[in-house]
Amino acid sequence: MLTNNNNKVMVVEAEEGGAGSGGGGEFDHLPEGCITNILSFTSPRDACVLSLVSSSFRSAAQSDVVWERFLPSDLHAMISQSSKPLSYSSKKELYLHLCHNPLLIDGGQKSFALDKPSARKCYMLSARSLSIVWGNTPRYWRWTSVPATRFWEVAELVSVCWLEIKGGIKGRMLSPNTLYGAYLVFKQRSGGAYGFENQPVEVSVGVAGEGEARRRTVYLEAATPRRPRHQIVPRIFSRVRSRFLDSFDAAPPPPPRVDDSAVGGEHPKGRDDGWMEVELGDFFNGGGGGEEEVEIGVYEVKSGEWKGGILVQGIEIRPKNKN
């Protein structure tokens with residue numbers, strides 16, 4: 001018997017000769033069109049799991065009818081924006097291609113892909129599509145091409161004391177009723193970066209017109225073991241202090257320990273494509289179909305310190321899957 005609980009299809013009973021044994025019991029007596037219709041109301045992950053129930057389910061799970069339902073309704077409009085033609089023999093092949101090969105759209109300013117388990121839309125906003133303060137001033141930022149990137153060029157931070165990057169996307173472009181996360185995708189240039197060590201960076205994500213955006217602190221430097229801090233004192237005072245402490249048997253108390261967990265702030269993580277990413281925040285897209293814009297920002301404007309040496313590929317917006 002099949003049940004549907006919170007959109008998750010589960011096989012709760014396997015008759016004789018169950019899944020994987022070549023016989024599907026009562027399932028083999030269902031018309032394939034009926035099975036196809038059932039699978040089209042599930043998810044890509046569920047369809048693949050249910051294909052193991054019987055040969056009938058396995059055949060139905062390959063149907064274009066099923067995978068057509070998993071593809072976004074505006075897919076053809078997005079494909080028409082791409083300069084690279086797509087070749088596929090089935091809707092399932094097209095679906096898997098879009099999961100693993102992001103499609104450049106909007107004149108190469110954005111990339112589009114599908115989240116493999118859920119079929120929800122994913123985008124990356126290229127660095128060129130972002131608003132970067134002093135981004136067109138070669139003294140501060142430089143536009144360059146590098147390998148292993150989705151876009152023709154990325155933004156290289158030469159040196160600034162005011163780091164400000166902003167981007168946005170219309171909610172109607174995203175999948176409805178979905179919790180999304182926004183991630184800055186970047187990496188250090190070959191010569192290394194400077195000015196970011198232990199330097200908090202303020203980030204924000206919010207929907208325009210729905211109150212103040214939520215702000216948090218992140219770091220653009222990978223986490224490193226915290227170095228012990230030593231107090232620097234004049235040499236003459238150090239001698240006096242040493243003689244004074246020698247008159248006591250007890251050793252001086254150790255300096256207070258810093259609790260790293262209380263410091264806060266997320267550090268970047270490595271990606272499979274060789275870049276790094278740091279989460280900037282999340283938001284829920286209700287899918288009203290309006291023109292509301294999700295606004296995303298990255299700021300380090302308070303310290304006045306000069307910083308440089310990172311390459312910015314863009315900002316990725318993708319569903320936050322629950323494990």
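**A working chat on the predicted model**

Colleague: What does the secondary structure of the chain come to?
Modeller: The model is a predicted one, and its chain has seven helices and 16 strands.

Colleague: What share of the residues is buried?
Modeller: Of the 323 residues in the chain, 39% are buried.

Colleague: And the accessible surface, how much of that belongs to carbon and sulfur atoms?
Modeller: Carbon and sulfur atoms account for 51% of an accessible surface of about 18700 Å².

Colleague: Of the contacts between residues at least 6 apart in sequence, what percentage join residues at least 24 apart?
Modeller: That percentage is 70%.

Colleague: Let us turn to the sheet. In what order do the strands of the five-stranded open sheet come?
Modeller: The order is S6-S9-S15-S11-S12, with antiparallel pairing. Strand S6 (131–132) and strand S12 (214–218) are the edge strands, each pairing on one side only.

Colleague: How many bridges link S11 and S12?
Modeller: There are five bridges between S11 and S12, in the antiparallel sense. As one example, Glu202 has Thr217 in S12 as its bridge partner.

Colleague: What holds such strands together in general?
Modeller: Strands of a sheet pair through backbone hydrogen bonds, in a parallel or an antiparallel arrangement.

Colleague: Now the backbone angles. What is phi of Ala119?
Modeller: Phi of Ala119 is near 70°, which is a positive value in a residue other than glycine. Ala119 sits in the loop that runs between strand S4 (110–114) and strand S5 (121–126).

Colleague: Is Ala119 buried or exposed?
Modeller: Ala119 counts as buried because its relative accessibility is 15%, and the cut-off for buried is under 20%.

Colleague: Where is Asn198, and what is its phi?
Modeller: Asn198 belongs to the loop between strand S10 (178–188) and strand S11 (201–207). Its phi is near 55°, again a positive value in a residue other than glycine.

Colleague: Why does Asn198 count as it does in terms of accessibility?
Modeller: Asn198 has a relative accessibility of 53%, so it counts as exposed; the cut-off for exposed is over 50%.

Colleague: One more residue: where is Gln62 found?
Modeller: Gln62 is in the loop between helix H3 (55–60) and helix H4 (64–70). With 43% relative accessibility, Gln62 counts as partly exposed.

Colleague: Which residues does Gln62 contact, leaving aside neighbours within four places in sequence?
Modeller: Those contacts of Gln62 are with Trp67 and Lys92.

Colleague: And how many Å separate Gln62 and Cys48, C-alpha to C-alpha?
Modeller: The C-alpha atoms of Gln62 and Cys48 are 9.2 Å apart, and the two residues are 14 residues apart in sequence.

Technical notes:
Residues numbered from 1 in each chain as written. Predicted model: local features only at pLDDT ≥ 70, side-chain atom pairs only at ≥ 80, totals over all residues. Heavy atoms only, no water. Helix = DSSP H or I, 4+ residues; strand = E, 2+ residues; numbered from the N terminus. Buried < 20%, exposed > 50% of the residue type's maximum accessible area, 1.4 Å probe, protein only. Contact = heavy atoms within 4.5 Å. Areas by Shrake-Rupley, 256 points an atom, 1.4 Å probe, with all protein chains shown as cover. Pairing = 2+ DSSP bridges.
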